[in-house]
Amino acid sequence: MDFLFPLLILALLVPMFFGIRKQKREAEKVSSMQEGLKVGDQVITTSGLYGTVVDLDESTVDLEIAEDVVTTWLRQAIREVRAEEQVTDETPVTDAPVEEAPEQTETRLTKD
């Protein structure tokens with residue numbers, strides 16, 4: 001019975017210790033990514049805005065979000081740098097009409 005309390009404390013502290021280590025590693029990774037930004041990088045901000053880095057300062061980043069539209073953000077607002085394959089992997093949208101079977105049309109029209 002005397003060993004139950006220290007075992008319980010150990011069972012609670014070990015997962016907490018590993019969780020703190022994981023958070024620390026993630027924070028270091030994000031910090032190094034934000035410090036490694038360079039002009040021309042395609043980035044996503046914490047609010048979900050896509051942009052291209054056009055100028056850098058010690059604490060701020062200027063992002064071009066549309067042609068000739070530049071906004072200034074804190075470096076900490078940059079969530080991730082987009083990979084080149086994500087940027088060029090856009091699929092064209094076609095305006096061709098989608099055909100449906102007569103059964104689908106009737107189901108769609110009679111459904112309430």
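Asp41 is buried, at 11% relative accessible area; buried here means under 20%, exposed means over 50%, and partly exposed lies in between, with a 1.4 Å probe and protein chains only. The side chain of Asp41 meets that of Lys38 in a salt bridge, 3.3 Å from N to O.

Before I go on, a word on the model. It is a predicted one, where local features need pLDDT of at least 70 and side-chain atom pairs count only at pLDDT 80 or more, while totals for chains, interfaces and linings use all residues. Residues are numbered from 1 along each chain as its sequence is written, and side-chain values use heavy atoms, leaving out hydrogens and water.

Back to the salt bridges. The structure holds two, counting a side-chain nitrogen of Lys or Arg within 4 Å of a carboxyl oxygen of Asp or Glu. Side chains of opposite charge can pair when their charged atoms come close. Glu80 is partly exposed at 31%, and Arg79 is partly exposed at 43%.

Next, the sheet. It is open, with five strands in the order β4-β3-β2-β1-β5 and antiparallel pairing. The edge strands are β4 and β5, residues 78-81, each pairing on one side only. From one strand to the next, the twist averages 45 degrees, taken between N-to-C directions on a scale from 0 to 180 degrees, with axes fitted to C-alpha atoms. Strands are DSSP runs of E with at least two residues, and helices are runs of H or I with at least four, numbered from the N terminus. Two strands pair if DSSP finds at least two bridges between them.

How many bridges join β3 to β4? Six, and the two strands run antiparallel.

The loop between β3 (60-66) and β4 (69-74) contains Asp68. Most residues other than glycine have a negative phi. Asp68 is not a glycine, yet its phi is positive, about 65 degrees. Asp68 counts as exposed because its relative accessibility is 69%.

Last, the surface. Phe5, Leu8, Ile9, Leu12, Leu13, Met16 and Ile20 form a nonpolar patch with about 720 Å² of accessible area together. Patch residues have over 30% relative accessible area and no salt bridge; nonpolar side chains (Val, Leu, Ile, Met, Phe, Trp, Tyr) are joined within 5 Å, like charges within 9 Å. Met16 is found in helix α1, residues 4-35, and is partly exposed at 49%.

Terms used:
Areas by Shrake-Rupley, 256 points an atom, 1.4 Å probe, with all protein chains shown as cover.
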